[in-house]
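Here is a short briefing on one chain. Have the sequence and the coordinates open as you read.

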Amino acid sequence: STSDDKRKLKEANDFAQNGKTFLRNKEYGQAIEAFSQAIVLRPEKGENFYHRGICFNKLGETQKAIADFSMAIRAEGKVYTYYEHRGQCHRKLGNFEESIKDYSSAIRLENSTGSLYYNRAIAYMLLSNPDYNRALEDFDQAVKLSSPIQTAHKYRALYNRGNCLRKMGRLIESAADLKHAIELDPTKPEPHNNLALTCLEMGKLQDAVEMFTTALQLVQGADAAMLYNNRGLSYMRMEDFEHAFADFNAAVRLNPNQPNYFFNRGNAHIAVNQAEEALEDLDEAISLSPSVPAYYHGKGVAYQALGRVEEAIEMLDRALGLNPKYVPSLYHLGLIYHAQNKHQQASQMFSAVIRLAPPDSPASGDLALQAELKLHQHARDDFMAVVKYSSRYADSLVFRGQALLRLRDYQAARRDFDAAIAIPLPP
């Protein structure tokens with residue numbers, strides 16, 4: 001009857017209002033009970049599913065939250081916030097493709113809210129194959145739509161756009177965004193750290209050290225470990241090993257469970273001809289994370305420095321067992337086989353390097369990989385390199401050419417030497 005309908009409507013509204021009060025007071029369990037009662041009385045009202053979904057999400061029951069947001073969308077499919085919150089849940093669960101779909105649906109319904117573009121951009125960056133171009137387009141929109149009073153929104157959009165630009169190799173633009181983010185909020189360590197990483201990739205090593213130092217002044221305790229590690233990498237690039245060791249020691253002391261800190265300190269030991277100490281650090285890195293090829297590669301280089309060639313080969317083979325396309329180990333094995341006059345094996349290794357890392361392309365800007373590339377430098381002393389490049393594999397052409405000469409494949413050798421000569425010298 002009409003009176004019963006009115007009574008049910010009033011009861012549903014009362015439950016819903018009580019639920020909202022509980023939600024504001026962060027009493028999520030009681031809020032869920034109230035919204036559930038409202039849903040029983042008015043199952044066609046999407047808002048009650050939406051609010052109950054928020055409560056489930058707050059309690060970490062993400063799948064239940066997604067189910068409720070889906071019911072809200074089924075009931076009222078024109079409300080962008082329902083898609084927005086379901087997109088947040090999908091991203092929390094690592095379902096980035098689904099998250100992007102939901103944010104796209106939200107943007108179709110509401111295209112003037114910067115946070116929607118911002119969150120979709122983050123999802124694009126988190127894909128297994130990140131789509132930095134689309135992420136950049138969304139960050140651009142997020143920055144454009146942030147009002148002058150929304151400094152927090154503009155800060156996070158600029159900060160993450162700066163990180164995106166760095167991933168794309170657009171370092172000058174990255175630095176500009178990160179500097180702007182620092183102007184908006186100079187108290188946060190993250191933009192200082194990421195600006196330092198950008199400076200490091202630009203080769204502005206002293207600037208990088210200064211920015212890492214500023215970031216360290218803004219944090220304390222275990223949170224500082226990563227910054228000490230990053231500054232240590234900067235000092236290592238500057239060949240200031242005294243300060244590099246001090247920073248790596250601090251990083252290890254603050255967080256002894258992070259294998260990369262031992263790995264980087266091991267690299268520093270190799271660089272100063274302390275191979276035994278390097279092996280200790282690399283063993284520690286392997287014990288913490290036994291499936292990382294770089295750690296076995298480092299051990300292989302340390303063993304080679306000690307003249308323990310068979311153990312070096314064993315470690316490099318283990319690295320390649322974990323990743324058959326791991327270029328540093330392919331390259332280093334090629335060097336060892338070259339020194340042993342095993343020209344067929346050397347040629348195979350260098351051919352793989354040339355195929356996987358074209359000699360006219362710079363190596364990855366990733367700091368860890370740059371550190372790994374440093375491991376090759378000492379081994380080159382055993383060879384007469386016709387062409388020498390830092391962080392490039394151009395000399396693979398030369399070494400393969402030498403191997404091909406000894407195999408009497410003169411035409412192929414000449415092609416390699418011609419290709420090496422044609423590569424422009426770095427500035």
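In which helix does R134 lie? R134 belongs to helix α8, residues 132–145. The model is predicted. Its mean pLDDT is 86, and 84% of the residues reach 70 or more.

**Confidence**
- Residues 359–392 stay under 50 in pLDDT.
- For that stretch the model has 73 contacts beyond four places in sequence.

**R134**

**Helix α7**
- Helix α7 covers residues 114–126.
- At 1.5 Å a residue, its 13 residues should span 18 Å; the end C-alpha atoms are 19 Å apart, which agrees.
- Of its 13 residues, 12 are buried.
- Among the buried ones are Y118, R120 and A121.
- The cover over these buried residues includes α5 (80–92), α6 (96–109), α8 and α9 (151–167).
- The charged end of R156 sits over the ring of Y118, 4.0 Å from the ring centre.

**Aromatic pairs**
- The count of aromatic pairs is 5.
- In the pair Y50 and Y82, the ring centres are 5.0 Å apart and the planes meet at 35°, so the pair is tilted.
- Y50 lies in helix α3 (residues 46–58) and Y82 in helix α5, so the pair ties together parts 32 residues apart in sequence.
- Y50 is buried at 12% relative accessible area, and Y82 is buried at 4%.
- Y50, F69 and Y82 form one aromatic cluster.

Definitions and conventions. Residues are numbered from 1 along each chain as its sequence is written. This is a predicted model: local features need pLDDT of at least 70, side-chain atom pairs count only at pLDDT 80 or more; totals for chains, interfaces and linings use all residues. Side-chain values use heavy atoms; hydrogens and water are left out. pLDDT is the predictor's confidence in each residue, from 0 to 100. Contact means heavy atoms within 4.5 Å. Helices (H or I, at least four residues) and strands (E, at least two) are DSSP runs, numbered from the N terminus. The expected span of a helix is 1.5 Å times one less than its number of residues. Buried means under 20% relative accessible area, exposed over 50%, partly exposed in between (1.4 Å probe, protein chains only). Rings of Phe, Tyr and Trp (its six-membered ring) pair if their centres lie within 6.5 Å; planes under 30 degrees apart count as stacked, over 60 as edge-to-face and the rest as tilted. A charge sits over a ring if NZ of Lys or CZ of Arg is within 6 Å of the ring centre and within 35 degrees of the ring normal.
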